[in-house]
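Let's take a walk through this structure together. Keep the sequence and the 3D view open as you read.

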Amino acid sequence: MAEASVKTLETRTDVSTPAAVDAAPPQTRPDLLGRLRAPRRPRIWFEILLIAVSYWTYSLIRNAVPEQKAVALANADFLWRLEQALGIAVEKTVNHTVNSVTWLIVGMNYYYATLHFMVTLGVLAWLYRRHPGRYAPTRLVLFATTGVALVGYYFYPLAPPRLMETEHFIDTVLVHHTWGSMASGNLKNMSNQYAAMPSMHIGWSLWCGLTIFAVATVPWARVLGLLYPTATLVVIVATANHFWLDAVGGMICLAFGYAVSRAWYGAMPHRLPRHPLHTGPHPATAALLNRFRGQRT
């Protein structure tokens, strides 16, 4: 009887031992993908370099797209007829009406030439300073929007209204001798003349406006955020640089940019924390720095 008890106890002990080992929590490696996705405090030197290189690359690719004049003009004629069928072809009326008010159209020429860059860089700087946790996701929206626009420039060359040969739109930069657009006047050879679809003036200005509206807490700033892309829409039409449907193309590109950022970060930029949860260097940056230091030693 005692012997049986001992055997039973030994059997229970033998069975329970491996079970206890299996119950131990396994050692897991940190989630590398999660660390890559986590927003971090941006570094000013890296952001300046990234923006400069990205814009240089964008300009290089955009201007390297073949200037297919015949195709671009044919596409412009088709788009104009489509807008007429839809009842929205009022660009010529807006162009001629605003051009009759000299001070207004000259102001719009300078608006078109400068604010496109100044406001976009200003919003980026504001995010960097006041909302560092939302900076990288919002910047990704802008970069993805601009990147997909290059696809449109390549596959759908489009002449702006001012270059149409039969519709008599007014090139307001030439008429009023302002240094407005890079695509007309003395600077026209520095930019692709037939990259009007999609409109990045709308893509970028709407990015600025939605970002300000979603993140700002001051009511007047949010109102200005919404007015900025609205004013830009009027300007691109009044100066005969874009059709209405070019603006729609810019909005579609922006929607793509938000979808990319949402897929990568798991939330819309304005719903992420204002300040980053991770303050250390980005894993990719750390890996590059470690490799550079290793080569130096």
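## R162 in its loop

R162 sits in the loop between α7 (132–155) and α8 (172–176). Helices here are DSSP runs of H or I with at least four residues, strands are runs of E with at least two, and both are numbered from the N terminus. Keep in mind that this is a predicted model: local features need pLDDT of at least 70, side-chain atom pairs count only at pLDDT 80 or more, and totals for chains, interfaces and linings use all residues. Residues are numbered from 1 along each chain as its sequence is written, and side-chain values use heavy atoms, with hydrogens and water left out.

Is R162 buried or exposed? With a relative accessible area of 8%, R162 is buried (under 20% relative accessible area; exposed is over 50%, partly exposed in between, with a 1.4 Å probe and protein chains only). Its side chain also makes a polar contact of 3.0 Å with the side chain of N241. A polar contact is a pair of N or O atoms within 3.5 Å; within protein, one must be able to donate a hydrogen and the other to accept it, and residues adjacent in sequence count only if both atoms are side-chain atoms.

## C253 and its neighbours

Now hop over to C253, in helix α11 (residues 244–265). C253 counts as buried because its relative accessibility is 10%. Leaving out residues up to four places away in sequence, C253 touches T145, V148, A149, P198 and M200 (contact means heavy atoms within 4.5 Å). C253 and I202 are 51 residues apart in sequence, while their C-alpha atoms are 9.9 Å apart in space.

## The whole chain

The protein chain has 12 helices and 0 strands. Of its 297 residues, 40% count as buried. Among contacts with a separation of 6 or more, 85% are between residues 24 or more positions apart.

The predictor's confidence in each residue is its pLDDT, from 0 to 100. The protein chain averages 81, and 73% of the residues score at least 70. Which helix has the lowest confidence, and which the highest? The lowest is helix α1 (residues 2–22), at a mean of 41, and the highest is helix α5 (residues 91–99), at 97.

Over residues 1–30, pLDDT stays under 50, and the model has 1 contact beyond four places in sequence for them. Where pLDDT is low, the predicted coordinates should not be read in detail.
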